[in-house]
Every structure is written in structure tokens, then in C-alpha cells.
Amino acid sequence: MTPVILLAAEKESAEVTDWAARVGWLVGLALFVALVYWLMREGWKWRGTLQGDLPELPAAPDEPGEATLTMSGRYHGSTTAGHWLDRIVAHGLGTRSLVELTLTDAGLDVVRPGATDFFVPLESLREARLDKGIAGKVLTEGGLLVVTWAHGDRLIDSGFRSERAAEHTEWVDVINSMIKKPITTTTEGAER
């Protein structure tokens with residue numbers, strides 16, 4: 001045989017793509033992603049069940065009074081006070097949304113389109129501060145307005161970000177001045 005015929009006889013055709021194997025891998029990957037998503041959703045629901053002892057959120061009073069401050073921005077969620085990663089999901093507090101905040105002499109009105117609105121009475125407010133993060137959201141230092149409030153037997157931190165971050169400092173100052181209790185003296189001169 002001539003060398004040309006031998007070379008032609010030794011050549012084989014290129015491997016054919018195994019479509020069944022590729023489709024199997026894609027289906028397996030899709031099932032894995034669906035499983036992970038389902039597990040995350042179940043974890044979210046389980047967290048809500050564990051926080052079922054949290055009382056219903058208060059609604060705004062019919063006559064909240066004149067607005068001291070207003071702010072438009074984003075609500076980034078609520079956590080257990082002092083534990084910035086312990087997200088509270090009960091009663092929709094874990095749902096991020098747009099927000100319209102209004103501070104009055106009665107308290108803080110939190111209006112969230114597409115999510116549950118709530119009201120924090122003035123006597124429930126504990127403090128306001130600037131922070132850099134809350135569960136699921138980390139910003140630059142001072143980029144987040146965090147309001148601490150009491151609800152039931154829990155202290156809650158709720159994180160807000162204004163469309164104009166320069167407003168945060170005014171909110172901290174005004175909220176903290178509203179909730180400070182004046183120091184009274186007794187007839188003996190001792191402070192209470």
C-alpha cells in the first residue's frame with residue numbers, strides 16, 4: 001500500500017458532541033440551583049416562625065401631629081439591636097423597600113410602598129445613630145441611619161438610607177433630642 005492510502009486509513013473523524021451528556025449536566029445544574037433557592041426560602045420562613053412571638057406592628061395614629069422631619073429613601077431591614085447580622089423577618093420587617101419616613105411628636109411613621117407600614121411611638125424610640133451596615137447591606141461609614149426602638153420585649157435596629165445622605169446627621173440629632181428625658185431633682189437635691 002502506498003503511504004498516502006495508509007494515512008487516509010488511519011485518520012478518524014472528529015468526536016461527535018454528546019448532547020445527552022450536556023443536557024444532563026444542564027438539567028442537574030438547574031436542579032441544584034432550584035434546591036439551593038428552595039432551601040434559602042425555607043430558611044427565611046423558618047426564621048419568621050422562630051420570631052413568631054414578636055407582637056403585631058403598631059399602626060400610625062389617626063392624628064400623628066405636625067411633621068418635624070420627613071425623608072425619602074430606602075428601608076434596608078431590621079435586626080436585633082446590637083447584632084447587625086441577626087435579621088428580623090417577622091411581620092415583613094425583613095423586606096427591603098422604598099420608604100417615606102415622617103417624624104412627629106407622636107413618633108416615627110414608616111410608610112413602605114409594597115411592604116407593611118409600621119409606626120414607632122415616641123416612647124418606644126431608644127436612640128438614633130449613623131452606622132455603616134445592617135444585615136445584607138454595607139455602606140461607607142455613616143451611610144446608614146439606624147434607629148433603635150423597643151417592640152414587645154425586644155430592642156430592634158432598623159436601617160434607613162436617605163436619597164440625600166447629608167440628612168442623616170439631622171435625623172440623629174433630632175431623634176436623640178426628642179427621646180432624652182429631662183433630669184429632675186428631688187427636694188433633697190438628688191438627681192433622678
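Here is a quick tour of this protein chain, from its overall layout to its core, its rings and its last helix. Keep in mind that the model is predicted. The chain has 192 residues, and 32% of them are buried.

**Layout**

- Reading from the N terminus, the elements go α-α-β-β-β-β-β-β-β-β-β-β-α.
- Take the contacts between residues at least 6 apart in sequence: 60% of these join residues at least 24 apart.

**The nonpolar core**

- In soluble globular proteins, nonpolar side chains tend to be buried together.
- Here, the largest nonpolar core holds 27 residues. Those with the most contacts inside this core are Leu93, Leu101, Leu108, Phe118, Leu145, Phe160 and Trp171.
- Several elements each supply at least two residues of this core: β1 (67-80), β3 (97-104), β4 (107-111), β5 (118-121), β6 (125-131), β9 (144-151), β10 (154-162) and α3 (167-179).
- Helix α3 gives the largest share of this core, with 5 residues.
- What does Leu101 touch, leaving aside its neighbours within four places in sequence? Leu101 is in contact with Leu69, Thr70, Met71, Leu108, Asp109, Val110, Phe160 and Trp171.

**Aromatic rings**

- A pair of aromatic rings is described by the distance of the centres and the angle of the planes.
- Searching the whole structure turns up 3 aromatic pairs.
- One of these is Tyr75 with Phe118, an edge-to-face pair at 6.2 Å centre to centre with 70° between the planes. Tyr75 sits in strand β1 and Phe118 in strand β5, 43 residues apart, and the pair links these distant parts of the chain.
- Tyr75 counts as buried because its relative accessibility is 0%, and the cut-off is under 20%. Phe118, at 2%, is buried too.
- Phe118 also pairs with Trp149: the ring centres are 5.5 Å apart and the planes are at 20°, so this pair is stacked. Since Phe118 is in strand β5 and Trp149 in strand β9, the pair ties together parts that are 31 residues apart in sequence. Both Phe118 and Trp149 are buried.
- Put together, ring pairs link Tyr75, Phe118, Trp149 and Phe160 into a cluster.

**Arginines over ring faces**

- Arg112 lies over the face of Tyr75, at 4.5 Å from the ring centre.
- Elsewhere, Arg22 lies over the face of Trp19, at 5.8 Å from the ring centre.

**Helix α3**

- How well does the length of α3 fit its residue count? At 1.5 Å a residue, its 13 residues should span 18 Å, and the end C-alpha atoms are 19 Å apart, so the two agree.
- The buried residues of α3 are Glu167, His168, Trp171, Val172, Val174, Ile175 and Ile179.
- An α-helix has 3.6 residues a turn, so residues three or four places apart point the same way.
- Those buried residues of α3 pack against β1, β3, β4, β6, β9 and β10.
- The C-alpha atoms of Asp173 and Arg129 are 8.6 Å apart, although the two residues are separated by 44 residues along the chain.

Note on methods: Residues are numbered from 1 along each chain as its sequence is written. This is a predicted model: local features need pLDDT of at least 70, side-chain atom pairs count only at pLDDT 80 or more; totals for chains, interfaces and linings use all residues. Side-chain values use heavy atoms; hydrogens and water are left out. A nonpolar core is a set of buried Ala, Val, Leu, Ile, Met, Phe, Trp, Tyr and Cys residues joined through side-chain atoms within 4.5 Å. Buried means under 20% relative accessible area, exposed over 50%, partly exposed in between (1.4 Å probe, protein chains only). Helices (H or I, at least four residues) and strands (E, at least two) are DSSP runs, numbered from the N terminus. Contact means heavy atoms within 4.5 Å. Rings of Phe, Tyr and Trp (its six-membered ring) pair if their centres lie within 6.5 Å; planes under 30 degrees apart count as stacked, over 60 as edge-to-face and the rest as tilted. A charge sits over a ring if NZ of Lys or CZ of Arg is within 6 Å of the ring centre and within 35 degrees of the ring normal. The expected span of a helix is 1.5 Å times one less than its number of residues.
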